[in-house]
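The following account leads the reader through a complex, beginning with the fold of one chain and ending with the surface between two chains.

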Amino acid sequence: MADPLLQIEGLWRRFDVSKPWLNRVIEREKPQLLTAVADVSFDIARGETFALVGESGSGKSTIARMIVGLLGASEGRIRFDGKDMTEMAPSDLRALRRRFQMIFQDPFASLNPRWRVGDIIAEPMRTFGLATGAEAATEVARLLETVGLSARDAEKFPHEFSGGQRQRIAIARALSSKPEFIVCDEPTSALDVSVQAQILNLMRDLQDEFGLTYLFISHDLSVVRHMASRIGVLYLGRLVEVADAKALFRAPCHPYTRMLLDAVPDLALSGRRRKPVSGEIPNPISPPAGCAFHPRCPAMTEACKQAIPAPRPTATGMAACIRLDMAETAAR
Amino acid sequence: MNRIARAWDSDLAYSFRHSPVAVVAAFVALLIILAAALAPLIAPHDPFNPASLNLMDGFTPPMEPNAFTGNTYWLGTDNQGRDIFSAILYGARISLFVGFSAVLFAMVLGIAVGLLAAWRGGWVDSLLMRIADVQLSFPSILIALLIFGVARGVIPPAYREEMAIWVLIVAIGLSDWVQFARVVRGAAMVEKAREYVQAARVIGVHPVRIVLTHILPNVMGPVLVIATIGLALAIIAEATLSFLGVGVPPTQPSLGTLIRIGQGFLFSGEWWIILFPSIALLALALSVNLLGDWLRDALNPRLK
């Protein structure tokens with residue numbers, strides 16, 4: 001890909017979920033590791049919206065947290081604008097932080113209830129010394145109007161706003177350090193359906209206006225379809241398919257992607273039979289051998305149980321399945 | 001003006017106006033605090049000035065003229081002819097000063113330890129909380145006595161009397177910080193996991209700034225509750241220590257000292273010397289405690 005803004009290479013994250021040391025010694029148990037993210041690699045180009053989709057527990061949010069630095073990576077590299085963030089000195093990392101921000105899932109938890117909206121939005125500016133005093137106040141007013149609120153709202157407290165308005169405030173805060181890249185962790189899943197579209201449209205407008213790049217995390221395929229230019233599908237911490245959004249919805253290559261798409265409610269009433277998703281995501285502490293999806297896969301063969309499938313190139317991306325040929329015939 | 005109007009309309013003020021116990025308790029507490037603060041203006045005598053004392057006035061019963069001098073005292077006098085009412089005003093002053101200072105000391109120390117434990121987690125958290133556990137396993141009065149004893153050994157005799165009150169404050173404060181540390185740690189760990197703290201971390205705000213500007217204001221509610229209840233406990237602790245004779249020196253009697261002096265005359269008929277200081281201590285501790293109880297219920301979202 002030409003000139004990617006963010007490059008993720010072989011990213012791993014393991015969590016230590018073992019009991020306390022003393023209990024382990026007495027009960028003679030080994031330390032237990034939970035692999036939340038396994039060998040994930042993808043690139044995000046400037047100006048695009050890359051979406052990560054997957055069920056609960058698939059590792060979407062863990063990847064987001066590693067990218068913004070809330071969690072360390074166990075292995076692998078995260079490059080932002082060509083610079084490796086995993087090996088960077090803290091002072092350099094701090095300077096880089098201005099260029100990426102995050103929008104959180106729950107707008108009722110992501111704003112400090114005791115701060116005025118103006119102070120919340122100005123916090124990134126103050127932290128990076130971009131603006132102070134009257135200058136910051138003008139900038140806050142401008143940002144509030146950019147996200148569709150009134151400049152007078154800066155005086156109010158977060159509890160005086162609805163969920164959608166709070167998410168607008170969170171977006172204004174994310175914009176206030178003039179970032180290039182914004183990680184959106186399920187930004188609309190806590191909102192009413194009627195408000196979701198407004199927030200998504202606002203985010204698209206802002207992307208056009210400021211040339212933003214988004215990493216968009218969601219479990220809601222209809223939201224992803226509206227927003228994403230490219231999509232990565234996660235299953236049990238592994239990326240099983242990456243493709244352009246249109247191609248993915250038209251001709252999904254991986255059986256898991258197909259299963260997810262089949263489960264989406266058919267609002268067009270085309271008469272398509274909706275297939276429920278079968279089975280549940282397995283326990284990530286002891287994932288199935290071979291392809292982690294094989295216990296739920298309709299196209300499973302003996303070979304699927306043997307080895308973890310390597311990513312194979314597809315028309316617009318990749319898919320990690322040894323039966324891609326079969327998948328393509330099925331799609332037709 | 002706007003701020004006052006908003007405070008009057010707040011949930012807390014509403015709950016206060018609709019709780020008769022809280023209103024009465026606040027009235028009593030404020031009355032005692034004001035009387036103690038204005039003691040030099042209100043008190044008819046200065047109990048610290050030996051020149052104004054007349055030994056002939058000793059053991060005057062309340063509201064009766066003294067047999068020798070003919071002076072009448074509202075609440076009577078003690079063995080040295082000290083007016084009990086004045087002594088209570090000045091005594092409450094010392095009790096309140098020690099109580100407030102000790103709670104403030106315990107609060108600052110407890111908040112610092114609690115925030116550090118919650119933010120750093122891991123072994124720092126374990127170490128600090130185990131220290132707290134060990135301290136909790138002793139009665140706090142024992143710890144205060146221990147600190148008092150150590151201080152007596154360290155401070156030269158010439159300074160002992162004037163340092164006594166500060167030693168008392170440190171002793172009570174050090175025996176009381178654990179409550180604050182535990183509550184702050186628990187609340188701060190909840191706040192630390194909230195998304196607004198994570199948002200500040202993503203922005204790159206300095207950790208000390210996050211703890212002080214984001215987490216601390218959000219854990220102050222429960223801290224205020226235990227500070228109020230802790231004030232009542234500190235006043236009682238001071239009285240206990242003074243009663244045991246290790247508190248403030250007899251030249252500056254606190255309520256506890258007055259009770260100890262009065263205790264000597266309990267069986268010889270001079271009941272007023274111990275009764276009135278005890279009532280004052282009871283009224284002060286009870287009203288502050290009731291205020292703390294009300295504040296705890298008013299700030300508890302589950303009871304609304």
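Predicted model: local features only at pLDDT ≥ 70, side-chain atom pairs only at ≥ 80, totals over all residues.

Two residues are counted as being in contact if their C-beta atoms lie within 7 Å.

Along the principal axes, the C-alpha atoms of chain B fill a box of roughly 80 × 50 × 30 Å. Of the 304 residues in chain B, 42% are buried.

The confidence values for this chain may be considered next. The average pLDDT of chain B is 87, and 98% of the residues score at least 70. For the complex, the predictor gives an ipTM of 0.84 together with a pTM of 0.82.

Attention now turns to the interface. Here, 16 residues of chain A are in contact with 14 residues of chain B. On the side of chain A that touches chain B, the elements giving two or more residues are helix H3 (90-97), strand S6 (100-103) and helix H4 (117-127) of chain A. Which of these elements gives the most to that side? It is H4(A), with 3 residues. Classified by residue type, the side of chain A that touches chain B has 7 nonpolar, 4 polar and 5 charged residues.

Notes
Residues numbered from 1 in each chain as written. Chains lettered and ligands numbered in written order. Buried ≥ 20, exposed ≤ 12 C-beta atoms within 10 Å, placed from the backbone. Helix = DSSP H or I, 4+ residues; strand = E, 2+ residues; numbered from the N terminus. Nonpolar A, V, L, I, M, F, W, Y, C, P; charged D, E, K, R; others polar. pLDDT = per-residue confidence, 0-100.
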